[in-house]
Each structure stands twice: as structure tokens, then as C-alpha cells.
Amino acid sequence: MSKDNLNPAEVDPVELPENAFRELGADEEYRPLMHPARDYAEVTPYSVGMGLLLAVVFSAAAAYLGLKVGQVFEAAIPIAIIAVGLSGALGKKNALGQNVIIQSIGACSGVIVAGAIFTLPALYILQATYPEITVSFLEVFLSSLLGGVLGILFFIPFRKYFVKDMHGKYPFPEATATTQVLASGNATGPKSAAQAKLLVAAALIGGIYDYIVATFGWWAETITTTAYSWGQTLADKTKFVLSCNTGAAVLGLGYIVGLKYAFVIFAGSIFVWWVIVPLFGAYAVDGAAMSPDEIFRDYARLMGIGGIAMAGIIGIIKSWGIITRAVGLASRELRGAASAGSTERWQLDISMKHIAYFIFLALVAVLLFFWVGVIHTFWQALVAWLVVTVIAFLFTTVAANAIAIVGSNPVSGMTLMTLIIASGIFVAIGLNGTSGIVAAMIIGGVVCTALSMAGGFVTDLKVGYWLGSTPRKQESWKFLGTLVSAATVGGVILMLNSVYGFTGENGLAAPQANAMAKVIEPMMMGGATPWTLYIVGAVLAVILNWLGVPALAFCLGMFLPLQLNTPMLVGGLVSWAVNRSTKDPELRRARNDRGTLISSGMIAGGALFGVFSAITIMCGKSLPEGGHDFVPQVLGLVAYAAIIAYLYFNAKRASKD
């Protein structure tokens with residue numbers, strides 16, 4: 001069909017099709033909001049400039065909050081909200097394509113921050129013990145930049161598989177929420193206006209709810225059995241604990257993930273907290289004297305790391321056909337063969353020939369960085385380069401899978417495993433001591449950022465797929481966003497170290513970086529490494545795969561804290577209850593869609609108001625205390641019950657019209 005013959009109503013629908021979030025039938029096709037046969041304004045001075053500005057702002061805010069409390073808020077959703085709000089305030093028409101570019105460029109901030117702050121501050125932490133360790137802005141900047149570039153380049157060949165071929169098979173919770181926000185800015189007509197109002201209302205309710213508890217602590221952010229005397233006694237004697245985060249955003253995330261994956265994740269968490277932790281408390285040396293949290297952090301979580309690594313390897317083996325097809329396509333294009341991909345604007349990527357060339361240049365830059373800037377011995381730098389190349393490429397699909405399933409990228413777990421593997425290799429080739437620590441942490445930063453970028457980029461491209469933007473434009477301008485975010489993060493980390501530091505009572509907590517330092521120091525300085533725990537986790541992942549249980553989701557549950565996995569199950573149960581509230585298929589779908597929209601708003605509001613909370617804390621507001629006291633716990637139960645009731649009963653208000 002030519003562009004001139006397109007029906008205007010067909011060209012510009014105002015809301016997402018009903019098959020946007022479900023699997024397609026045998027002869028069914030998905031048709032995005034922006035028609036594949038029509039060109040739209042996407043890359044403009046406004047969209048690029050605004051995307052870069054937001055990348056700088058959110059990089060600084062996310063780095064501070066992440067180093068202070070160990071949580072990096074996801075920037076994609078609040079940036080999408082800002083993009084929609086600005087386009088409306090400025091009266092921009094047909095701004096959907098530009099808003100996608102703003103979101104895609106700006107979202108570089110969160111993924112680059114996660115890659116950098118989880119690893120590189122460990123060098124400052126270890127510097128307190130080993131003063132000969134030095135860190136420069138250039139090392140932090142290049143580690144983040146090169147890792148981000150590799151993550152983009154390694155993921156592009158897999159875009160079609162994850163965002164098109166797997167349509168409806170993965171929940172993509174974060175991408176779903178971001179898409180709903182951007183689509184709301186495109187809404188016209190009574191029905192679309194009502195949906196936009198519902199999204200805004202849910203965002204305000206969820207955002208204000210999360211802001212109050214995170215900033216002022218009016219009720220407990222985490223409800224736990226240890227807040228009660230009977231629960232504390234039980235924890236002391238048996239190490240049994242049950243806890244649940246009361247946040248609206250995490251509840252909404254669980255709703256979109258659904259009961260199946262939420263239950264598997266929760267099962268992994270329960271296995272660790274109700275089986276492994278009590279066993280360690282009963283039989284491990286000094287186990288009785290340790291709290292459940294200490295046992296989880298020092299022992300049980302390490303099994304989760306081994307499980308994630310093995311689940312990743314299993315996923316790589318299962319995805320080997322996809323990997324070889326992507327490599328084969330690049331090889332054919334390099335030999336001059338015609339591209340097998342679609343030439344439709346909506347499915348147009350950067351050509352595989354160019355991707356292959358860019359990967360070559362990026363890998364050469366990484367090798368030179370390791371040789372000239374970090375290790376200074378060519379053959380040792382070459383070994384480090386091989387480790388980064390192999391792990392970053394192979395684990396790209398693992399990071400994308402994790403984001404597609406639960407909206408949470410286990411980069412810290414995969415990076416810890418990378419550090420363990422790399423450190424073992426480095427020690428074997430004579431690269432140890434403080435020089436080995438620096439080499440391992442810089443390499444860990446490159447890998448962590450690459451995996452973080454791959455996981456974040458699948459969200460951007462899935463959003464673009466649902467809305468109908470041009471993948472090649474998203475891919476091309478992602479590099480500029482990465483450059484700006486890497487420079488911002490490098491400067492912020494150096495500034496925060498000089499102002500606060502990452503050690504001592506007044507220093508920033510940097511929990512992931514402290515964990516990295518704890519793992520890397522004994523390996524490089526001749527200490528013991530808990531190989532047994534890693535191996536047990538790996539064996540468990542093999543058994544789970546043999547039993548047909550999603551090993552990655554289960555091991556993610558083992559690695560992530562219990563209080564974040566419990567609300568995932570609660571949200572999944574609300575989703576299940578909404579779907580079982582009627583036998584009418586059309587009404588069931590309408591109620592589930594309304595619940596998804598409300599959940600998306602709650603996630604969006606939580607993310608946006610998380611930024612406001614970070615700004616409030618940066619301005620001097622101290623973090624709330626007393627969350628384990630009786631009254632905040634009771635209020636937390638009441639508040640959580642209220643937000644659950646809001647989600648369930650509001651979803652049931654949907655009609656078939």
C-alpha cells in the first residue's frame with residue numbers, strides 16, 4: 001500500500017492495539033501507533049537537546065542516590081513523563097516520535113550510572129587500605145563509555161528476536177509502563193482521554209504514596225516479622241524472617257510481571273530465606289550469632305550469584321541458534337550479500353556491516369585502554385580484553401532476558417561472577433596485588449556497564465517497537481547519550497568521593513561497590529574465596545533447568561532481597577484475582593488492561609517521585625528512621641492494604657465498551 005493511499009484513521013490510531021501485550025495468532029500482525037509506511041519527526045534539535053539535558057540531570061541524581069542507598073531509580077519512565085509534559089506544554093503536534101528519542105537518549109543515564117557505581121567506587125574503598133591504588137577521571141569515564149558502547153553494539157543484532165519475535169511472550173514490565181506513558185501523550189477522543197486521566201491519577205497516587213514513605217517515613221517502607229517481639233525471637237532462634245516492601249511501584253511491577261514469573265522469583269527467595277538461611281544459622285560456624293540479613297549477605301546470596309551465572313550459561317546455550325544467526329547475518333553483509341532483514345522503516349536497524357565495523361573499532365579501543373591506561377603489559381592486557389569480550393557478548397542475552405521477564409537487571413550478580421573469573425585468570429598469569437585489583441575493577445566496570453546498557457536498551461527498543469519508531473535512529477543517537485552520561489557520571493563520582501567519601505561514618509554507603517571490594521580483595525591479596533557456595537548455586541540452576549523451572553527467574557529471587565520479591569508475588573496475585581473476577585472473556589481482558597494501565601501509572605509515579613525524593617535528600621533531608629517500630633509497621637500494613645485495594649477494585653471498574 002502506498003503512502004498516498006493510506007486511510008488517515010489507519011495511519012494515526014490514538015491508542016495501542018488490543019494485541020499489544022499478548023501473543024499474536026498464526027496469521028496476526030502487530031500494527032504500532034506510528035504507521036510503518038509513514039515518516040515521522042523523530043530526530044530533531046529539540047528531541048536530541050532535551051534528551052541530552054535530561055541525561056545529564058538524571059545521571060547526577062541517580063549516581064548520588066545509588067551511592068547513598070544502593071538503589072538506582074530507573075530513568076526511562078520519569079523521562080518519558082517529562083517528555084510528554086513538555087510536548088504538551090509547548091503545543092507540539094505529532095510529538096510521539098520525538099518523545100521516544102528523548103526517552104531513549106535520556107535513559108542512558110540510569111544504565112550508565114548502574115554500571116559505574118556498582119564497581120568503580122570499590123577502588124576508592126580499597127584505597128583506604130592500599131594507598132598506592134589511584135583512580136583518575138579518565139579511567140572512570142573510559143570504563144563507562146566503552147562498556148556502554150559495547151552494550152549497544154552487542155545488543156543490536158538481537159533486537160529483532162527480543163522485541164519482535166518474542167512479542168507477547170515476555171511481560172516487559174518497565175517497557176510496558178514507559179509505553180503507556182508515551183502513548184498517553186498521543187491520546188485523543190473520550191476513551192483515550194479517560195485512559196490518560198487514569199494513568200495520571202495512578203501516577204500521582206503511587207508517586208505521592210512512595211514519596212511520603214521514602215522521604216518522611218510516615219509508615220514503614222518495609223514491613224517485617226522482626227519488628228515484633230515474637231518475630232525477633234523467631235529470627236534469633238530459627239533465622240526465620242518474612243518481609244515485604246510496601247511501595248506502590250513494586251506492587252505495580254508485580255502486577256505486570258504476572259503470577260507465573262512472580263511466583264518463581266518468590267520461590268527462589270523463599271528457598272534462600274526459609275531453607276538456606278536457617279540451615280546456615282543452625283550448622284555454620286558462628287551462624288547462631290549472625291542475623292538472618294548477615295547470613296544472606298555473606299553466604300546465601302553467593303549461591304544466588306553462582307545460580308545466575310549458570311542460568312546465564314544455560315541461557316546462552318539455549319540461545320546459541322540466535323547468536324549464530326546474528327553473527328551469520330553480519331558475516332553475509334560483510335561479504336556483500338543482501339540483508340535478510342526487513343527494509344520497512346519500523347524494522348530498520350543500523351546495517352550489520354556497520355555494526356561489525358563499529359564493534360571492531362570499539363574492541364580495539366578497549367584493548368588500547370587496557371594496555372596503555374590500566375595494565376601496561378600487552379599480553380596481560382590481551383587476556384583481560386578476551387575476558388571482557390567473551391563475557392560481555394555472551395551475557396548480553398542474559399541481561400536482556402532478565403529485563404524482559406522481571407524488569408530488573410542482575411548486573412551486580414553477573415559482574416561479581418565476572419570479577420571472580422577474571423581475578424582467577426589474572427592471578428594465574430601473575431597479575432595480582434594492587435595492580436590486579438585496579439585491573440579487575442576497571443574490567444568489571446566495563447562489563448557491568450555493557451550488561452547494564454544491553455538490559456536497558458532492550459526496554460528502549462521494545463518501547464519503540466510498540467509505538468512504531470525507527471530502530472536505526474534510536475540506535476544511532478544512543479551513542480551520544482552514552483558519551484554525555486559517562487562524562488557526567490565520571491565527574492559526579494569524583495566529586496562525591498571528595499565531598500563524602502565511601503568509607504567511614506559520614507561516607508556514602510555504596511553497598512554494591514563494597515560487595516565488589518569484599519570479593520576482589522582476598523582473591524588478589526591471597527585470601528579465601530567461597531567457591532563451594534558458587535558451585536552449589538550453579539548445580540541448583542542445572543537441576544532447576546532439568547525440572548523445567550525458569551532457572552534465571554528462580555536464581556534472581558535467591559539474589560534479590562526478600563522484601564523486594566514478596567511484593568512481586570502480591571502484585572502477581574492481584575493480577576490473578578482481577579483475571580478471575582469474571583468469566584466473560586471480553587470483560588476479563590478489559591479489566592486486566594485497566595489494571596495494567598493503573599500499574600504502569602504506579603510504576604511511573606514511583607520512578608518520578610523517586611527523583612523528587614533524591615532531590616529532597618540531596619538538599620539535606622535525612623533518611624527516615626524508626627521503620628521497625630510497632631506503630632510504623634502497623635501503619636505500613638494499613639497503607640499497603642489500601643494501595644492493594646485501590647489497584648484491585650479500580651481494575652474491576654472496567655467495562656467492555
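Me: In the protein chain, what share of contacts between residues at least 6 apart in sequence joins residues at least 24 apart?
Reply: This is a predicted model, in which local features need pLDDT of at least 70, side-chain atom pairs count only at pLDDT 80 or more, and totals for chains, interfaces and linings use all residues. Residues are numbered from 1 along each chain as its sequence is written, and side-chain values use heavy atoms, with hydrogens and water left out. A contact means heavy atoms within 4.5 Å. Among contacts in the protein chain between residues at least 6 apart in sequence, the share joining residues at least 24 apart is 82%.

Me: How many helices and strands does the protein chain have?
Reply: Both are DSSP runs numbered from the N terminus: helices are H or I with at least four residues, strands are E with at least two. By that count the protein chain has 27 helices and two strands.

Me: Is K239 buried or exposed?
Reply: K239 lies in the loop between α11 (229–238) and β2 (243–245). Its phi is positive, about 65 degrees, although K239 is not a glycine. Buried means under 20% relative accessible area, exposed over 50% and partly exposed in between (1.4 Å probe, protein chains only). K239 has 4% relative accessibility, so it counts as buried.

Me: Is H376 buried or exposed?
Reply: H376 sits in the loop between α16 (352–375) and α17 (378–394). H376 is not a glycine, yet its phi is positive at about 70 degrees. Because its relative accessibility is 54%, H376 counts as exposed.
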